[in-house]
Amino acid sequence: MSLPQLCIFDLDGVIVDTARFHYRAWKKTAGRFGYALTPAQNEALKGVSRRDSLACILKWAGITLQKDEFDTYCDEKNEMYLHFIKDISPEDALDGVVPFIRQLKEKGVKIALGSASKNARTIIEKLGILPLFDYIVDGTMTTRGKPHPEVFLLSSNHLDTPPSSAVVFEDAVKGLQAAKKAGMFCIGIGKASELPFADIVWPNFGDKTAEDLARCWSKPLTV
Ligand code: B16
Ligand code: MG
């Protein structure tokens with residue numbers, strides 16, 4: 001069986017469904033300056049850093065803020081988000097993803113996290129899966145957000161693995177673009193019609209196995 005040397009997992013939308021909490025917090029934040037954020041707009045914010053997300057919302061709303069106000073809105077949004085995620089527990093991991101990661105790890109594949117979230121490590125700890133990761137890259141470590149490839153290249157560099165031997169699992173268009181720019185094979189998690197740039201798309205992890213990955217990884221396809 002030919003498996004990649006490294007698998008990099010996005011967090012929000014791949015390991016756990018925290019997008020709904022980001023949405024609730026951004027919706028409340030935008031409401032404070034009289035703007036109604038839509039679910040479609042939230043979709044476009046997936047994988048986008050906190051500050052870039054607020055910059056997008058302000059652009060949509062046609063509002064300019066002073067730097068201190070901008071920082072305050074970011075901090076308030078994060079406080080709400082932290083409140084919403086406070087009860088996350090191992091049962092909140094998305095269906096099939098943890099058994100899938102365990103299988104890969106048992107077969108010697110290195111496991112990394114590639115998330116834009118500054119709260120990623122906290123969430124991984126709450127899910128009880130920190131020991132599964134050989135390296136964690138989160139929003140505190142990157143200078144350029146997705147679609148820049150930095151978030152994924154940091155892992156392949158740190159774990160001394162060429163990008164061509166790495167596979168990225170991503171649910172966001174910007175994350176898939178980042179993976180392709182990094183020169184990595186990428187598997188979109190979600191609906192194929194919404195995930196351009198993915199080499200292949202899985203609707204979810206369900207009962208996916210290391211063998212399933214070996215099959216599609218050795219036979220790259222563009223969807
Ligand atoms: P934070 P991912 C991303 O996580 C989310 O998709 C995005 O909605 C969020 O704005 C970003 O993290 C930053 O999160 O405010 O917690 O630092 O999908 O890259 O795991
Ligand atoms: Mg995501």
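A polar contact here is a pair of N or O atoms within 3.5 Å. In this predicted model, ligand 1 meets that cut-off at Leu11, where a polar backbone atom sits 3.3 Å from an oxygen atom of the ligand. Another backbone contact comes from Ala116, with a polar atom 2.7 Å from a ligand oxygen. In total, 19 residues surround ligand 1, and the closest are Val48, Ser115, Ser117, Lys118 and Asn119.

Now for the overall layout. The protein chain is assigned two stretches, 6–15 and 91–216, as domain 1, while domain 2 covers 19–85. Between the C-alpha centres of the two domains there is a gap of 24 Å. Ten residues of domain 1 and eleven residues of domain 2 make up the contact.

Putting the two domains together buries about 1,000 Å², with carbon and sulfur atoms giving 50% of that area. On the domain 1 side, the biggest losses of area to domain 2 fall on Asp12, Asn119 and Lys174, which together account for 39% of what that side buries. Sorted by class, the domain 1 side has six charged residues, three nonpolar and one polar. Even so, the count of salt bridges between domain 1 and domain 2 is zero. What does turn up across this interface is two residue pairs in polar contact.

Terms used: Residues numbered from 1 in each chain as written. Chains lettered and ligands numbered in written order. Predicted model: local features only at pLDDT ≥ 70, side-chain atom pairs only at ≥ 80, totals over all residues. Heavy atoms only, no water. Domains from an automatic or database assignment. Contact = heavy atoms within 4.5 Å. Buried area = accessible area lost by both parts, 1.4 Å probe. Salt bridge = Lys/Arg side-chain N within 4 Å of Asp/Glu carboxyl O. Polar contact = N/O pair within 3.5 Å; in protein donor to acceptor, adjacent residues only side chain to side chain. Nonpolar A, V, L, I, M, F, W, Y, C, P; charged D, E, K, R; others polar. Near = heavy atom within 4 Å.
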